[in-house]
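Subject: Structure for your review

Dear colleague,

Please find the structure below, handed over for your own work. My notes on what was found in it follow directly after.

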Amino acid sequence: MESISVFEIIKVGIGPSSSHTMGPWNAAAAFIRIIKRERSIEEVKEVFLEFFGSLAKTGIGHGTDIAGMLGLNGEDFKTINTSKIDEKIEYIKSTQTINLGGEKVIPFIYGHHLILNMKKSLDFHPNGMIFRAVFEDGTELVQDFYSVGGGFIASQEKNSIQKQCVRTLYPCHKASDIAKYCEKLGFDKMSDLIFMNEESWRTQEETRQEALYIWQQIKECIYKGVNKEGILPGGLNVSRRAAGINRKLLGDKIYKNKDEWFQQVVDAEENFTNINKWIACFALAVNEENASFGRIITAPTNGASGVIPAVLMYSQAFTPFTSEEDIIRFLLVAGEIGTLFKKNATISAAMGGCQAEIGVSSAMAAAGLTEILGGSVGQVLMAAEIAMEHHLGLTCDPIKGLVQIPCIERNTMGAMKAITAANIALESDPTKAKVTLDEVILTMWETAQSMSDRFKETSEGGLAIAVNVPEC
């Protein structure tokens, strides 16, 4: 089993969905690379893209079609000016052309070259897509891709096509591995082991810098979210709420940038109700940005991108553990927990329902918080187990296929559960726990396999059907 860096689980992304937006975008970029490897962009006459299963059924709401087009157009979601996305898509549709790989303009008719096939699913994974390039000499190049959660992509021939296989010095594929190596090496902190293993990808100083970069992106995203009002796109007419909560909590206090705003939060009145509202505000802010094609931190997915930022921001605003080292260790531990679910279960809602997204992110956040609050290795793993235990069976049933209802509010609940799980674990003896993290991960996967497809991000069950919203 290959090792996964924590920064493949916690990374810069773009809304509204890691599996339905970032995955197809990555697949389109990968297909461009394959064309260049096998032939050349200049030889391409036409390119076709067909989405299947969950990608098709909720594709419009998740911007799957937009991601596919922008990926083929040579755009990078890490750097694209998100305010220009609508303009770029309108240009592709109105001119009926696409600049393939940013190198050659070819015909591209929406509905002909790009199809959302809602009647068929590919066998390998619910999030399937097929790319086809037709060359000037009439020959073709066809490649299947599958978006397997968190922006990761795979093909039937190759389980993962994004990176070379890496094996760390102390491979941790299960929670028991983490406990074993920490005891063997005499580490009281789980993050010490992760620091060591991350050296398979980068130096410890580079790891620290990457974690602090993630933190700055989190602050930036929350700051944008608490300062934007209006209606979210997509037709549900969902109002942004983070800005209103922020305004009520801060009153008439004035700030000019994210650092001044953060200091105002730190200095605000602290009581249970206010802190509870701030946590909700942080999570709402991120997921409202996510729903608007904003740049967010995928952790481990976009639909669950508000949980870790909310809990980390809570720790920095309302606990004494506010050093850069605390931030780094929180993110390292949270990311490592995410890798366990990625390897042994799933982080894809199309495979496992929302337990695979909010549940996993809550477990990650609980572990990270427990780490910096002084928890032992056993307590950190216990916190992750508690958080996931109380998300088992959580369905993914977005109304109208949009990552808005119930997704945005669900992040606030995941954050609250993470904090509660950390507090319980810190007051508990993990040697007396009846359920281990490995056991709850296995249970989550078994639950996912037994869950009806109607509750796996297809918008064919649950709230998505109970609430009848007409198409705009």
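In helix α10, which spans residues 242-250, the buried residues are Ala242, Ala243, Gly244, Asn246, Leu249 and Leu250. Here "buried" means under 20% relative accessible area, "exposed" over 50% and "partly exposed" in between, computed with a 1.4 Å probe on protein chains only. Helices are DSSP runs of H or I with at least four residues, strands are runs of E with at least two, and both are numbered from the N terminus. The cover over the buried residues of α10 includes α9 (204-225), α11 (258-267) and α12, where contact means heavy atoms within 4.5 Å. Gly251 follows α10 and has a positive phi, near 65 degrees.

As to the source, this is a predicted model, in which local features need pLDDT of at least 70 and side-chain atom pairs count only at pLDDT 80 or more, while totals for chains, interfaces and linings use all residues. Residues are numbered from 1 along each chain as its sequence is written, and side-chain values use heavy atoms, with hydrogens and water left out.

Helix packing

Two packed helices are described by the angle between their axes and the distance between the axes. The axes of α12 (residues 272-290) and α13 (residues 307-318) come within 8 Å and cross at roughly 140 degrees. α12 is therefore oblique to α13. The axes are lines fitted to C-alpha atoms, for helices over the stretch in contact, and the angles run from 0 to 180 degrees between N-to-C directions. Angles under 35 degrees count as roughly parallel, over 145 as roughly antiparallel, 65 to 115 as roughly perpendicular, and the rest as oblique.

From α12, the contact draws on Ile275, Trp278, Ile279, Phe282, Ala283 and Val286, and from α13 on Pro309, Ala310, Met313, Tyr314 and Phe318. These contact residues comprise eleven nonpolar, no polar and no charged. In this scheme Ala, Val, Leu, Ile, Met, Phe, Trp, Tyr, Cys and Pro are nonpolar, Asp, Glu, Lys and Arg are charged, and the others, Gly among them, are polar.

Backbone geometry

Most residues other than glycine have a negative phi, and most peptide bonds are trans. A cis peptide bond joins Gly15 and Pro16, with omega about 5 degrees; Pro16 lies in the loop between β1 (11-14) and α2 (18-38). Another cis peptide bond joins Ala299 and Pro300, with omega about -5 degrees, and Pro300 sits in the loop between β9 (295-298) and α13.

Gln96 has a positive phi, near 55 degrees, and is found in the loop between α6 (85-95) and β3 (97-100). Gln96 is partly exposed, at 40% relative accessible area. Phi is also positive in Glu457, near 60 degrees, which belongs to the loop between α19 (437-450) and α20 (463-466). Glu457 is buried, with a relative accessible area of 4%.

Cysteines and a loop residue

The structure holds zero disulfides, a disulfide being a pair of cysteine sulfur atoms within 2.5 Å. The closest cysteine sulfur to that of Cys221 is in Cys281, 12 Å away and so too far for a bond. Cys221 is buried at 4% relative accessible area, and Cys281 is buried at 0%.

Ile399, in the loop between α17 (377-389) and α18 (407-426), is buried, with a relative accessible area of 3%. Ile399 and Thr458 are 59 residues apart in sequence and 9.8 Å apart in space, C-alpha to C-alpha.

Yours sincerely
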